[in-house]
Amino acid sequence: MPTFLSLFVWTEQGVHDVINTGKRAADFRSAIQGAGGEVKNIYWTMGRYDGVIVFDAPDEATAAAVMMGGCSKGNVRTETLRAFTEDEIEGVLDKIS
């Protein structure tokens, strides 16, 4: 199952309601699980991004749909990256001509 890293930044609305960030994280876990994926971990960070979510999803379309659904609530903006394990990147490198 593909792994994704999603960097998030709170919107003004998200900062205003920061006290509920744990509940929003639980809601995200439920959404990913409902779509057949799994949240590996959620980290709140300092710096340019307010947090990072590491999760698996059945495919890119599922990951995008869950992220869009979460973002549509107006609390965060995200940048989601597809992550490759060592084994997966070896398969990619094998395809280089």
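Buried residues have under 20% relative accessible area and exposed residues over 50%, with partly exposed residues in between. The views below come from a predicted model.

**View A. Leu93 and the nonpolar surface patch around it.** Leu93 lies in helix H4, which covers residues 86–93. Its relative accessibility is 41%, so Leu93 counts as partly exposed. Together with Phe84, Ile89, Val92 and Ile96, Leu93 forms a nonpolar patch on the surface. The accessible area of these residues together is about 430 Å².

**View B. Helix H2, residues 21–34.** The helix has 14 residues and spans 20 Å from its first C-alpha to its last, close to the 20 Å expected at 1.5 Å a residue. Thr21, Arg24, Ala25, Phe28 and Ile32 are the buried residues of H2. Seen down the helix axis, the buried residues of H2 fall within an arc of 100 degrees, so they line one face of the helix. Lys23, Gln33 and Gly34 are exposed on the other side of H2.

**View C. The cover over H2 and the residue just after the helix.** Among the elements that cover the buried residues of H2 are strands S1 (3–10), S2 (38–44) and S3 (51–56). Helices H1 (12–16) and H3 (60–71) are also part of this cover. Just after H2, Gly36 has a positive phi of about 90 degrees.

**View D. Tyr49 in the loop between S2 and S3.** Tyr49 has 19% relative accessibility and therefore counts as buried. Leaving aside residues up to four places away in sequence, Tyr49 touches Leu7, Phe8, Val9 and Glu79. Tyr49 and Gly69 are 20 residues apart in sequence, and their C-alpha atoms are 20 Å apart in space.

Notes: Residues numbered from 1 in each chain as written. Predicted model: local features only at pLDDT ≥ 70, side-chain atom pairs only at ≥ 80, totals over all residues. Heavy atoms only, no water. Patch = residues over 30% accessible without salt bridge, like charges linked within 9 Å, V, L, I, M, F, W, Y side chains within 5 Å. Areas by Shrake-Rupley, 256 points an atom, 1.4 Å probe, with all protein chains shown as cover. Salt bridge = Lys/Arg side-chain N within 4 Å of Asp/Glu carboxyl O. Helix = DSSP H or I, 4+ residues; strand = E, 2+ residues; numbered from the N terminus. Buried < 20%, exposed > 50% of the residue type's maximum accessible area, 1.4 Å probe, protein only. Expected span 1.5 Å × (residues − 1). Arc of directions from axis to C-beta. Contact = heavy atoms within 4.5 Å.
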